Amino acid sequence: MTIETSPSVAPLAVPRVAIVGLHLEANGFARPTTKADFLAECWEEGEAITAKARRISNLPLEVPGFYARMDQTGPWQPVPIILAAAQPGGPIEQAVFDEFMAIAERRLAAALPVDAVYICSHGGSKATSDSDNDGTLAARVRELVGPGVPVVVTHDLHCSISDRMVGAVDALISYRTNPHVDHRERAAEAADLIRRMLAGERLTKAFIRLPLAPVGVTMLAAQGYPFGDLLERGRALCREPVLNVSITGGFVLTDVPKSGFTIGVVTQNDQAAANRVALELARLAWDDRHRYQARLTSVANAVAIAGEAATGMRKPIALADVADNPGGGAPGNTTWLMEALLAAQVRGVVLGLFTDPPLAEDAHAAGEGAEIEAVFNRDPADAFAHRFSCPARVLRLSDGFDVGRRGRDAGRQIVLGRSALLELAPSGLRVVVTSLREQPADPRTLEMFGIDITAVTCAVLKSRGHFRAGFDEFFADDQIVEVDAPGMTSNVLTNFTFTGLPRPIFPLDPDAEWDPDRAVILS
């Protein structure tokens, strides 16, 4: 949506806009996220942010989108503060978050006055002693800049939004696609709203939380899925005075009190319209809650399907190992599917991405073409991984750097660390072993090892769903099988013991209730 600034008030000639953000999708059941995890992905301060925002880099994709839109819509002065991003994992060690906040506060205070702030955060974060650290950041930004400075935040739709967050910002914009491919567009929308406010326009907002926490595989944005249908209705309602509709499903495995489905609406100085639209969408979401049920395939049935694909009885397939998804904080190292496919001697299988730094180093030490004993999970460190070994040949080695070409990672730097493609005996199953955790959202994660995906009969992808936007040229929806294997990102919620969720909440509590006539609407 293109937004023009109000003609009644002249915009600032060269507004100074601060940029700050924290990206982590926190899994409350995973090991804590450390400073090293951020350094391996992104920890940038000051002008390095601006330099990277205007070229291919590892910055969160919203940042180049925000810079590009601000550049397009007029003069401005970026005031980059700090951006930190890590692969999804456990809660941030509190000392690391405290360090981040100290830097953010010091740099922002030194940069004052600023005319606006863009907070670029995932929204699904959590620290070991702060279950609302995204809200902590937004609240502190508001305290520092004061009540009259526009503050706009962008979030993943798998976020958890606190009342404190709602109160601290002028507008909150979430992704509208899942798999996520609209990072840049939502950041551009944030830039447009900032321009409107800098021109004197007043925004109003409404926010409703529902006792609904769907699992990831049920939140695809495609037509025919409940979340997709709701997003489509939200898009239809997004016409002036409604400037933005943001619907978030949350990430239930963060396990925090603010978990839950949310509806957010931003309007052009029309509180009644904001409340009306938010309530309409909340009613639709709640009435549709029973459609948010995962339908998964057992490991045994998945192997049988892969066998049919290998013999030409059906089209090639992608097995989504949704329970070991690094994009949700899992280690990316379970072997349940790999071992079952090897035991059944299914041909034509490629598996990616398997995170195992020691095995990747073994392959590099041996060299391309070498025969090795591949030891997976030499020293297993979590409950779902176990040691497994088999003969293998090293087919290809890589430093793990590439640039994505499709879906979420298109035009973004891919960083896998020292990596290798192994061929396992006896079936010839090929597995991409990496040193850094990453889900295979882009075909380049396989193609960079010389894999011709068109010749693959079965691709095992350790991803919940972002691969759908990258691999759709190879696997249509009817060629994708979501597998119920053990793992840290299982979509079977009864596999976990939750301690932080607000209860009752659907679907964990089938009898959870919500009364639209008593809905709490925040503004």
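User: Leaving aside neighbours within four places in sequence, which residues is Arg-202 in contact with?
Analyst: Arg-202 is in contact with Thr-267, Gln-268 and Asn-269, where contact means heavy atoms within 4.5 Å. This is a predicted model: local features need pLDDT of at least 70 and side-chain atom pairs count only at pLDDT 80 or more, while totals for chains, interfaces and linings use all residues. Residues are numbered from 1 along each chain as its sequence is written, and side-chain values use heavy atoms, with hydrogens and water left out.

User: Where is Arg-202 found?
Analyst: In the loop between α7 (183-198) and β7 (204-210). Helices (H or I, at least four residues) and strands (E, at least two) are DSSP runs, numbered from the N terminus.

User: Is Arg-202 buried or exposed?
Analyst: Arg-202 counts as exposed, at 53% relative accessibility. Buried means under 20% relative accessible area, exposed over 50%, and partly exposed in between, with a 1.4 Å probe and protein chains only.

User: Let's zoom out. How many helices and strands does the chain have?
Analyst: The secondary structure comes to 14 helices and 20 strands. The chain's radius of gyration is 23 Å, close to the 24 Å that the globule rule gives for 523 residues, so the chain is as compact as a globular protein of that length. That radius is taken over C-alpha atoms, and the rule is 2.2 Å times the number of residues to the power 0.38.

User: What box do the C-alpha atoms fill?
Analyst: Roughly 70 × 50 × 40 Å, taken along the principal axes.

User: And what percentage of the residues is buried?
Analyst: Buried residues make up 63% of the 523. The chain exposes about 18,700 Å², and carbon and sulfur atoms supply 50% of that area. The areas come from the Shrake-Rupley method with a 1.4 Å probe; for residues, only the protein chains shown count as cover.

User: What share of the contacts joins residues at least 24 apart?
Analyst: 75%, among contacts between residues at least 6 apart in sequence.

User: How many charged side chains, positive and negative?
Analyst: There are 50 positive and 65 negative side chains, and the centres of the two sets lie 3 Å apart. Lys and Arg count as positive and Asp and Glu as negative, without His or the chain ends.

User: What does Ile-119 touch, not counting residues up to four places away in sequence?
Analyst: Ile-119 touches Val-20, Leu-137, Ala-138, Val-141, Val-151, Val-152, Val-153 and Thr-154.

User: Now the backbone. Which peptide bond is cis, with omega near 15°?
Analyst: The one from Glu-240 to Pro-241. Pro-241 is found in the loop between α8 (226-237) and β8 (242-248). A cis peptide bond also joins Phe-506 and Pro-507, with omega about 10°, and Pro-507 is in the segment after β20 (480-484).

User: What is phi of Asp-255?
Analyst: Near 60°, a positive value in a residue other than glycine. Asp-255 is in the loop between β8 and β9 (261-267), and is buried at 6% relative accessible area.

User: And where is Gln-345 found?
Analyst: In the loop between α11 (336-343) and β12 (349-355). Phi of Gln-345 is near 55°, a positive value in a residue other than glycine. Gln-345 counts as partly exposed, at 43% relative accessibility.

User: Last one: what does Ala-294 touch, not counting residues up to four places away in sequence?
Analyst: Val-215, Val-217, Thr-218 and Asn-491. Ala-294 lies in the loop between α9 (271-287) and β10 (297-298) and is partly exposed, with a relative accessible area of 31%.

Technical notes
Charge placed at Lys NZ, Arg CZ, Asp CG, Glu CD.
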